[in-house]
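Biologist: I am new to this structure and would like to go through it with you, one question at a time.

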Amino acid sequence: MIDTIAFDLWSDCFQIVRPDLFIPKANILWEKPEDLWERHIFPQSIFNGKQDKYYPRVSLYEYTQRAPRRICLKVECSVSKLLKGENFFSIRSEVKEKFASVMEETLRVMGVETTAENILLAPANKLHIAYNMPVSVSVRIILDDFYRTLQRANMDIQKTDYRNGGEILHFHYDSYELAFYDKVADMERLQHCPKRAVCCDKYPEIPVYQQYLKDRQLNILRMELRMNTKEAIRKFWYPCVENEETLKEIRIQKLSVGDCFNEQTIRNILVGEWEKLEQNVYRLPIFRRSITNLYEDIVRRNADVTDKKLYGLVPVAMMLASEGVVAVRQTLQKQYGKEKSKRMIKNALALKIPRYKPNYLVEIDKALKKFAPLTPEILTKKIKKSIIKLNMDNAKFLTVEEMASILKVVPMTVYRYLKAGKLQAYKFGKEYRVYESDFKDFVASCKVGVKKGGRK
């Protein structure tokens, strides 16, 4: 799904009807005094940072590199927050017409007149795509495992707090970023943030995931790819362009906002980036078997390799699996030198090694290839299943006789409570069973207080 998009509208595609809604006023760019000719002024909309409703970030700037002088309107917004007030549930590609109409109305409120057609044809200069995946393992465990594996792989990473909340792990590349973070922690912090965009009165889906956050029965891992330049967007949208004429044509045309609403392309981009990351980071598995069995397994799988070469490389492969590439390279360089150690590591990595993926990696693979949107209905079903599973794992069943002995009443009294619906129970054949937690709630609801002015 599309998370954030930024695009440019040139002066012939929009009109400022309320210049007073900008700080400084927007007409300063058209009526610039002589003493400000050499200065770059960027009027921003006063609606930036409003709390009652989500508004995109809108600013004006001059484009003076080429003649004639032109003025550009830069718009940046979260598509899901604009349409739904939150970025928890998925946005499908079919909503691009709705996005354009809502954006047109919102810009009109902000003092800018344009059309939905101009918005869809505007060139995109920033694009963030994301996908929320329910996983069975805690997201913090996954992030910690990512971090430890990256340290062994000697990749450039940074672990920090995301500005909207949640523990996040960045993978920094030249022109883009790949991030993973805990969406539950992000939404919890957003609920207590004064600048939150969600509003329960306007968006009926909000109570669904608020209840989900309260129960904390599921884990949501968010994968987000941030393409912050036009070149990065073109690189992912057109990965293999060998013809120079086609490449020049793509650079001239640029990628429009409407072209970005392509669900199949977004899915292919996320799957490809995940496979590349998994291949680079998890080159060697985390073995959970004894060293003896591992040694024998590697020897058996590489029967075509000569014994002399094999017995020299198997210990190197086992060291790589346990200590990582960096530590092994430093150890081998002291003994064999730089060139030989590099050759030994390369040959060890080329061996046929049993690779056992952790369960959560398999879950992520399946979720990305399936690419099913997270909707309120799906989330509600998952919450119910998780609550039932949690109760089955941790709770204790009570029989009617046990409850009667605790309450010091006859079993018939408990049966009357069950038939009246005052006590929630499960029926297996002719027998009733009640969770201990439900029984405690029922006992607490029966507490009677002393009325004011009554007898003690």
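Biologist: Which strand of the protein chain has the lowest mean pLDDT among its elements?

Modeller: This is a predicted model, in which local features need pLDDT of at least 70, side-chain atom pairs count only at pLDDT 80 or more, and totals for chains, interfaces and linings use all residues. Residues are numbered from 1 along each chain as its sequence is written, and side-chain values use heavy atoms, without hydrogens and water. With pLDDT being the predictor's confidence in each residue, from 0 to 100, and strands being DSSP runs (E, at least two residues) numbered from the N terminus, the highest mean, 90, belongs to β7 (residues 112–113). The lowest mean, 54, belongs to residues 157–161, strand β9.

Biologist: What is the strand order of the open sheet of three strands?

Modeller: Strands pair if DSSP finds at least two bridges between them, and the pairing here is antiparallel. The edge strands, each pairing on one side only, are β13 (397–398) and β14 (426–428). Three bridges join β14 to β15 (residues 431–435), and the order is β13-β15-β14.

Biologist: How many disulfides does a search of the whole structure find?

Modeller: A disulfide is a pair of cysteine sulfur atoms within 2.5 Å, whereas the nearest cysteine sulfur to C72, that of C13, is 9.5 Å away. For the whole structure, the number found is zero.

Note on methods
Helices (H or I, at least four residues) and strands (E, at least two) are DSSP runs, numbered from the N terminus.
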